[in-house]
Structure formats: structure tokens, C-alpha cells
Amino acid sequence: MISIDEAKQIVEEAKEYSRSLGTGEKILVSYHNHVYGVASVAKLLAEKLKLEDSERVYVLGLLHDVGKVAEREKEVFHGVIGYKLLKDVDVEVANICLTHMFPLNQIEPYEKMEKYFYGKKKHYDLVKESLEENELTLIDRIIQFSDGAASGTEKENAYVTIEKRDEQLKNTRAIPEFALNNMKENKRFFDKALGYDVYELFKQVDTSYWISEDKKDSIAGVSIVDAFNRLNEQR
């Protein structure tokens, strides 16, 4: 099971791999702020809901997008990349990578999702099978909500409403209407569970993780970098 320190190391290694591909620092900073933002609000939400292991939720938040840094290069859905990287290390994290982008664990037919999977139906089928075989859990809901809330672009707006997030993504990869409705349903679930508007939590999140410039640290190991490279043979 991956620890918090190990998860942080993996994030740094993922950024290093992305940097080796020529990814600009602005994108790396946004990636850092998004994954730490998801982890931070997910941990707080878990604590408010009195889950026993909020630190585990933090790890899941940190690593949900680990495959994102290689998606365009490999033309593989980032959830599948993350799943393949981590399935032999930590199955729960791997499954979160695979399913976090599909609120309430529901996915539209392949014809509507083909572009998200780069025309690879076998990867769509892998995700669909996982969604159907695994019951929606509270942790799934938390990560899915947090992923939609953490913008990663401006510290003043580190966390945004579903409507604002949809607006932010319209020029890159718009949220499908089906998913948008499920995101809103998920928010109503947390409003009811907490007894107040879940957006109120945004004011309480510690945003000390936020960076405006990525300070490149020495990478002690390159296990994830090597793993990314090995995936070239599995495209």
C-alpha cells in the first residue's frame, strides 16, 4: 500500500517524466496544484464525514491523475496509464486512476466517449468493466467530487463550483452533459450528508501546497519514469 511520502515521490517522478518530454513549467505547476488540491479537499471531506483513514484518501487524491503527464504522448486515456503503472503496487489507487473521471461510476456508450479513449475500445471496455464490477463507494464519490472542484490554475480560486469548472474546461476538453449532471447529483449527496453546502469546505482547505513556480528537486528514484517508458511497448 502506497504511503503519503511515496505518493509525493511518485508525483515528483511523474513531473520529471513530463519535463523530459518538453512539457512547459506552467503546465507542471498546474498539474502539481491540481493533484495536491484534490488530495487536500478530499482529505478534509473524509474527515468531516468521519472516515477512519483520511490519509489514505489523501494518497488516492494525489495519484488519481498520475497518468495524465503521459496521455498525449502515448495517446492513451490517462486513467488506463495510471492503472497499468500502479495495479501491481496498489490496486485501490490503480482503480481510482481508472474510474475517477466518471461521476457516480457511470459512463456513456463508447460512441460518445471514443475521443477520450483515442479510439481504443479495449481501454473503454477495461474502464466500463471496472465501473460495473465495483460498487460505488463513499471514497469514489469523494475523489470524483474533489477532482471536479480543484482547478489548479489560480490560488484565489483553488476550488471552484461545478459550473465554474465546466466553464474553465470548455476550451480544452468540455465535461459531457451526462457527467455534468452526475457531478451535480454527487454534490447534492454531500450537501445532504454534511447538512450544509459542501462548497463551504473550500474556505477551510489548507492551500499551503500551492506553488507558483515548480522547484525541481533531486529525484531519489526513477521507478515511475522507467515504468512510463516501459508502457511504450503496451500502446
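Student: Why is Phe189 called partly exposed?

Tutor: Its relative accessible area is 30%. Buried means under 20%, exposed means over 50%, and partly exposed is what lies in between, using a 1.4 Å probe and protein chains only. The value of 30% falls between those cut-offs, so Phe189 is partly exposed. Bear in mind that this is a predicted model, where local features need pLDDT of at least 70, side-chain atom pairs count only at pLDDT 80 or more, and totals for chains, interfaces and linings use all residues. Residues are numbered from 1 along each chain as its sequence is written, and side-chain values use heavy atoms, with hydrogens and water left out.

Student: And Phe190, is that one buried or exposed?

Tutor: Buried, because its relative accessible area is 0%.

Student: What makes Phe189 and Phe190 an edge-to-face pair?

Tutor: Rings of Phe, Tyr and Trp (its six-membered ring) pair if their centres lie within 6.5 Å; planes under 30 degrees apart are stacked, over 60 edge-to-face, and the rest tilted. Here the centres are 5.2 Å apart and the planes stand at 80°, so the pair is edge-to-face. The structure holds 13 aromatic pairs. Phe189 and Phe190 also belong to one aromatic cluster with Phe145, Tyr159, Tyr199 and Phe202.

Student: Tyr159 is in that cluster. What does Tyr159 contact beyond its sequence neighbours?

Tutor: Contact means heavy atoms within 4.5 Å. Leaving aside neighbours within four places in sequence, Tyr159 is in contact with Gly37, Ser40, Val41, Ala149, Ala150, Phe202, Val205, Thr207 and Tyr209. Tyr159 also shows up in the largest nonpolar core, which has 69 residues. A nonpolar core is a set of buried Ala, Val, Leu, Ile, Met, Phe, Trp, Tyr and Cys residues joined through side-chain atoms within 4.5 Å. The members touching the most others are Leu45, Leu63, Leu86, Phe117, Val127 and Tyr159. Helix α2 gives the largest share of this core, ten residues.

Student: How do you know what counts as a helix here, and how many are there?

Tutor: Helices (H or I, at least four residues) and strands (E, at least two) are DSSP runs, numbered from the N terminus. By that rule the chain has twelve helices and zero strands.

Student: Why is α3 described as largely enclosed?

Tutor: Nine of the ten residues of α3, residues 54-63, are buried, so the rest of the structure largely encloses this helix. The buried ones are Ser54, Arg56, Val57, Tyr58, Val59, Leu60, Gly61, Leu62 and Leu63. What covers them includes α1 (4-20), α2 (25-48), α5 (78-86), α6 (91-99) and α9 (138-149).

Student: Why does Asn105 count as buried?

Tutor: Asn105 counts as buried because its relative accessibility is 11%. Asn105 sits in the loop between α6 and α7 (110-113), and has a positive phi of about 60° although it is not a glycine.

Student: What about Glu75, buried or partly exposed?

Tutor: Partly exposed, because its relative accessible area is 42%. Glu75 is in the loop between α4 (71-74) and α5, with a positive phi near 55°.
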